[in-house]
Amino acid sequence: MSYVSEVMEQLEKKYASQPEFLQAAREVLDSLAPAIEANEEKYRKVALLERLTEPDRQIIFRVPWLDDKGQVQVNTGYRVQFNNSIGPYKGGLRFHPSVTLGTIKFLGFEQIFKNSLTGLPIGGGKGGSDFDPKGKSDNEIMKFCQAFMSELYKHIGPDCDVPAGDIGVGGREIGYMYGQYKKLTTTYCGVLTGKGLTYGGSLIRTEATGYGLLYLTETMLKANGHDIKGKTVAISGAGNVATYAAEKAMQMGAKVVTMSDSTGWVYDAEGIDLAAIKEIKEVKRARLSEYTKYRPNAVYHTEGHVWSTKCDVALPCATQNELNLDDAKQLVANGCIAVAEGANMPTTLEATKYLQENGILFAPGKASNAGGVAVSALEMSQNSERLSWTREEVDQKLEGIMVNIFNNLASAAKRYGHEGNYVMGANIAGFEKVAEAMIAQGI
């Protein structure tokens, strides 16, 4: 049995109750096989894969907080510090009722390779809670964030672990948590990223993941003889990633025709009105069903998914496993030429395989959505230097990072005889740097 198969078998026995983590591990390990086989004896001797797939530590804690009715509520908090061989743990905090240890582990594992791909000195970690911010008042969210940070602060620091935002954690939540961290430690440092611009945040941070997604997508298309200008783009989601992916796609001359939220999706043949989307989701915090009030010719659907729409480029920007095998078949049948992941693992393994087998250019999330963590790392640099860079400076650095990511993963895939397999290329390019650092630092 190969080393990869042995480790995967061990993981499946040990973590049968964590399907998301096992899915992420299988996707990574299977595609790493050529690189592992080329160095199998060396990696076996130091148990590299066993160490890589087991987090450095997993922190689980109780979060009691007081709601507006005076009732004590209790949630569970998590921080998984996965691997710090190339830099401090770095990864977002997710507040959503679906959060479990398995979810956080899958996200933290992915983060190792994503962070490595950026070329910046940041390790992999992730955290969050099963707390649901929806329907909560600002006061309740503040109370929860303060309670959450009252435990988390013991485990993080600017040179140890630097969390950021994720689903359910935006500027408001980061602000409340940062205020509590400062109060508890009496230090003012870059311990959280995604902060407000008045207290150490970076320009372009809100737009970073969406913009970065388009920079990489454009580079991938050009490398394969295409241009994003004039292309029809289907996007899922209506949060930060989807919104700013749509914005950058439009700036590049593409036409975005779909967006979605948890209740349904809209199709606008004339092109999505982004100003309407921003007002609905960012100002009113309402449902996407409101969109047809702004654009009567658009169609709102509560059934099906955006992937049934005819498009040239598909950008899944909502959540994990949202694009399945049937969706992939629909995209291929409709003439789609490229899929780039804006969310974390939004495409199932079966769908990814089908897309690749049918010649669709496919960019995995650990590469294509790395723009967010890249600008988080740039925020860390600005905090360390006590400086603020201009919007143009940050945007230019972001574009350079995303272009380099694509070039590195394309080169890695070609080097191992799998030219065009960008999933394999991304995993190998991210892995090689981490593996070398782990071996160099001993057991």
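**Reading the model**

Reply: Threonine 186 is exposed, with a relative accessible area of 72%. Buried means under 20% relative accessible area, exposed over 50%, and partly exposed in between, with a 1.4 Å probe and protein chains only. The model is a predicted one, in which local features need pLDDT of at least 70 and side-chain atom pairs count only at pLDDT 80 or more, while totals for chains, interfaces and linings use all residues. Residues are numbered from 1 along each chain as its sequence is written, and side-chain values use heavy atoms, with hydrogens and water left out.

Me: Where is threonine 186 found, and what is its phi?

Reply: Most residues other than glycine have a negative phi. Threonine 186 has a positive value, near 50°, and is found in the loop between helix H7 (171-185) and helix H8 (208-223). Helices (H or I, at least four residues) and strands (E, at least two) are DSSP runs, numbered from the N terminus. Asparagine 321 also has a positive phi, near 55°; its place is the loop between strand E10 (313-316) and helix H12 (325-333). With a relative accessible area of 32%, asparagine 321 is partly exposed.

Me: How is a nonpolar core read, and which residues touch the most other members of the largest one?

Reply: A nonpolar core is a set of buried Ala, Val, Leu, Ile, Met, Phe, Trp, Tyr and Cys residues joined through side-chain atoms within 4.5 Å. Here the largest core holds 102 residues, and Phe109 and Phe431 touch the most other members. Helix H17 (residues 422-440) gives this core its largest share, 10 residues. Another core, of 23 residues, lies apart from it and includes Ile156, Met177, Tyr178 and Val191.

Me: Which residues does phenylalanine 431 touch?

Reply: Contact means heavy atoms within 4.5 Å. When residues up to four places away in sequence are not counted, phenylalanine 431 touches Leu32, Ile36, Tyr43, Leu48, Leu49, Leu52 and Phe113. One of these, leucine 52, belongs to helix H4 (residues 48-52) and is buried at a relative accessible area of 1%. Under that sequence limit of four places, the contacts of leucine 52 include Phe82, Phe109, Ile112, Val434 and Met438.

Me: How many salt bridges are there, and which parts of the chain does the pair of lysine 366 and glutamate 110 tie together?

Reply: Side chains of opposite charge can pair when their charged atoms come close. A salt bridge is a side-chain nitrogen of Lys or Arg within 4 Å of a carboxyl oxygen of Asp or Glu, and the count comes to 22. Lysine 366 and glutamate 110 meet at 3.2 Å, N to O. Lysine 366 lies in helix H14 (residues 365-368) and glutamate 110 in helix H5 (residues 101-117), so the pair ties together parts that are 256 residues apart in sequence. Lysine 366 is buried at 1% relative accessible area, and glutamate 110 is buried at 5%.

Me: Are arginine 391 and glutamate 207 buried or partly exposed?

Reply: Arginine 391 counts as partly exposed at 33% relative accessibility, whereas glutamate 207 is buried, with a relative accessible area of 11%. Their side chains form a salt bridge of 3.3 Å, N to O. This pair links distant parts of the chain, 184 residues apart: arginine 391 is in helix H16 (residues 391-415), and glutamate 207 is in the loop between H7 and H8.

Me: What distance separates N from O in the salt bridge of lysine 278 and glutamate 247?

Reply: The distance in that salt bridge is 2.6 Å. Lysine 278 lies in helix H10 (residues 274-283) and glutamate 247 in helix H9 (residues 240-251), 31 residues apart. Lysine 278 is partly exposed at 23%, while glutamate 247 counts as buried at 15% relative accessibility. Salt bridges that share partners also join Glu6, Glu40 and Arg44 into one network.

Me: What is the place of glutamine 382, and which side chain does a polar contact join to that of glutamine 382?

Reply: A polar contact is a pair of N or O atoms within 3.5 Å; within protein, one must be able to donate a hydrogen and the other to accept it, and residues adjacent in sequence count only if both atoms are side-chain atoms. Glutamine 382 is in helix H15 (residues 371-385) and is buried, with a relative accessible area of 2%. A polar contact of 3.0 Å joins its side chain to that of serine 202.
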